[in-house]
Amino acid sequence: FLVLIQVTCLTLTMLSAFGQSRWTNIYHDEWDAPMLFISGSYDHGYLVSGRHQPNFPKYNWLIKTDINGQQIWEKMIGNGMNSIVLIEMATNDLGNIYSCGTTTNYDDNGDPIVMKLNPCGEKEWCKILHTEDNLDYARCAAVTPDGGTAITLSYTGYEVGQDRICLAKFSDVGTMEWRKCYNSLDTLIGNEDHKNLLRTSDNGFLISGRCYYPDPQGMYAWPKPYYIKTDSIGNFEWELIAFSETGERGG
């Protein structure tokens, strides 16, 4: 009985200590600085990025913190002349940071951009995928085992409904190694869009999002969960339109 009491007291003490380890930090409360993305880092700290208003989208801010949320460094990303929006980041075990989004550096409609920063937040390279008069952008990023990154591209096609979802792979030094686009053979699919990119256990990629697909009666088209699976070099393996056989909208 005494041992039980001692164990219980020890457990409560540990839980109390754990609860007290919570913290709240505020960054840039002196000006309008909404956060856009947060990611865990290689050292168990965090990377936080957001808009630098009223100068957005000419500048973005990127903060690196330790495990307790204390700021280690901050970078402003942008040249002050052209718009740039960083949508997502991905980090590898070495602490390298890959970020992607869009910029108007060459085209007022925007172009996909991907950049690599070292663990100190210093730029190693930046690539802009210029397409004339095309409203396209990079949306998601995932690191690869060779130290590079894969990014998804949205709306890169000039024909209506074509090349709405693409995937491109960059080496650790910024060389584009391949680029693949995924146009469904299912003629009933429409308005497909993606929201997330994951590297799978076989080093392939899983792109998830949604599309519009008609119900069995063909009267209405509803948004459905949509998945695309590729191999390690971006070759299409399969697609799945969840709940396509029902009138349910899905999740």
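Leaving aside neighbours within four places in sequence, Asp-193 is in contact (heavy atoms within 4.5 Å) with Arg-139, Ser-154, Tyr-155, Ile-165, Gly-209 and Arg-210. The model is a predicted one, in which local features need pLDDT of at least 70 and side-chain atom pairs count only at pLDDT 80 or more, while totals for chains, interfaces and linings use all residues. Residues are numbered from 1 along each chain as its sequence is written, and side-chain values use heavy atoms, with hydrogens and water left out.

Asp-193 is placed in strand S13, residues 190-199, strands being DSSP runs of E with at least two residues and helices runs of H or I with at least four, numbered from the N terminus. With 13% relative accessibility, Asp-193 counts as buried, a term that means under 20% relative accessible area with a 1.4 Å probe and protein chains only. The side chains of Asp-193 and Tyr-155 are joined by a polar contact of 3.1 Å, that is, a pair of N or O atoms within 3.5 Å, one able to donate a hydrogen and the other to accept it, where residues adjacent in sequence count only if both atoms are side-chain atoms.

Confidence is expressed as pLDDT, from 0 to 100 for each residue. The protein averages a pLDDT of 87, and 89% of the residues score at least 70. Confidence is highest in S11, at a mean of 98, and lowest in helix H1 (residues 2-20), at a mean of 45. Over residues 1-19 the pLDDT is below 50, and this stretch has zero contacts in the model beyond near neighbours in sequence. Where pLDDT is low, the predicted coordinates should not be read in detail.

Terms used
Buried means under 20% relative accessible area, exposed over 50%, partly exposed in between (1.4 Å probe, protein chains only). pLDDT is the predictor's confidence in each residue, from 0 to 100.
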